Amino acid sequence: MHPLFITDMAIRLKMVLSLLLSAAFLVSTGHGSLLLLELPREIHPLRPRSGSAGDHVAGLSCLSWRLGVETNNLIGWKTVPQECEGYVGNYMLGEQYRSDSRVVAGEALVYAAGLDLAGDGKDVWVFDVDETTLSNLPYYAKHGFGAEPFDPTPFNEWVLEGNALVLPESFTLYQKIVSLGIKVVFLTGRTEDQRSVTETNLKNAGYYTWEKLILNRTSSYSGSTAVTYKSSERGKLEKEGFRIVGNMGDQWSDLLGTSTGLRTFKLPDPMYYIS
């Protein structure tokens with residue numbers, strides 16, 4: 001059979017199939033006109049509850065709110081909206097939070113493994129502490145998952161207990177960073193009077209070695225934003241000859257500003273906002 005004939009037959013077959021598929025979505029009204037059949041509302045397995053058909057879906061607005069927070073499109077907010085307290089709590093205690101954290105840490109692992117390191121001991125990775133390497137979820141679970149106005153007194157009391165939990169995904173990354181010969185720097189908004197308890201908490205959580213633990217000296221940064229404070233401290237690291245090859249935090253204020261490093265990684269945290 002001639003090749004051109006085969007090609008022509010294939011084209012005709014495709015056209016017939018296309019017409020049949022189009023007709024499958026049509027139904028006669030009995031008056032000579034055609035109407036489109038109603039399509040299934042859940043037309044994509046990855047969007048089973050999108051609300052795209054106009055239905056109200058419980059929690060959808062809170063999901064969108066969280067997206068705005070994580071993308072830094074919602075800024076300056078003080079508390080989680082009251083109607084989203086349950087949503088945020090379920091997110092933080094559920095698998096999605098862990099899954100989101102694994103994606104971020106996994107990408108950081110791939111990036112770190114591919115670095116061409118100098119091997120002179122000057123490559124460093126900057127980690128935030130709260131909700132980055134240590135989790136204060138037991139505290140926030142008792143305080144509305146961020147829906148209550150932040151009160152520094154009970155929070156500092158919690159910090160001084162030294163019972164913050166390890167974040168497993170961050171700890172896996174930490175272990176890889178150390179094994180590659182990259183030095184670790186913890187840069188936290190915690191204050192100097194919390195140094196001892198923070199050191200102990202980190203060690204108890206498994207973080208056994210680091211180059212520096214930098215805490216906020218309130219006398220030096222009184223009235224400054226977290227962006228200013230962390231930018232300044234990272235700049236000091238660079239002046240000491242360190243190269244910041246990676247920088248991870250749960251707040252955008254951990255990652256914005258100056259001397260941010262070669263690459264930054266944002267962990268999820270819809271419970272609070274720090275400017």
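Two strands pair if DSSP finds at least two bridges between them. Helices (H or I, at least four residues) and strands (E, at least two) are DSSP runs, numbered from the N terminus. In this structure, five strands form an open sheet with parallel pairing, in the order β7-β6-β3-β8-β9. The model is predicted, and local features need pLDDT of at least 70, side-chain atom pairs count only at pLDDT 80 or more, and totals for chains, interfaces and linings use all residues. Residues are numbered from 1 along each chain as its sequence is written, and side-chain values use heavy atoms, with hydrogens and water left out.

**The sheet**
- Strands β7 (212-216) and β9 (264-266) form the edges, each pairing on one side only.
- From one strand to the next, the twist averages 20 degrees; axes are lines fitted to C-alpha atoms, for helices over the stretch in contact, and angles run from 0 to 180 degrees between N-to-C directions.
- Strands β3 (residues 123-127) and β6 (residues 183-191) run parallel and are joined by four bridges.
- Val-126 has Val-185 in β6 as its bridge partner.

**Helices across the sheet**
- Helix α4 (residues 95-113) lies across β3, β8 (243-249) and β9, and runs at about 165 degrees to β9.
- Helix α7 (residues 168-179) lies across β3, β6 and β8, at about 165 degrees to β3.

**Val-80**
- Val-80 is found in the loop between α2 (60-70) and α3 (85-93).
- Val-80 counts as buried because its relative accessibility is 0%; buried means under 20% relative accessible area, exposed over 50%, and partly exposed in between (1.4 Å probe, protein chains only).
- Beyond its neighbours within four places in sequence, Val-80 is in contact with residues including Trp-65, Phe-145 and Met-271, where contact means heavy atoms within 4.5 Å.
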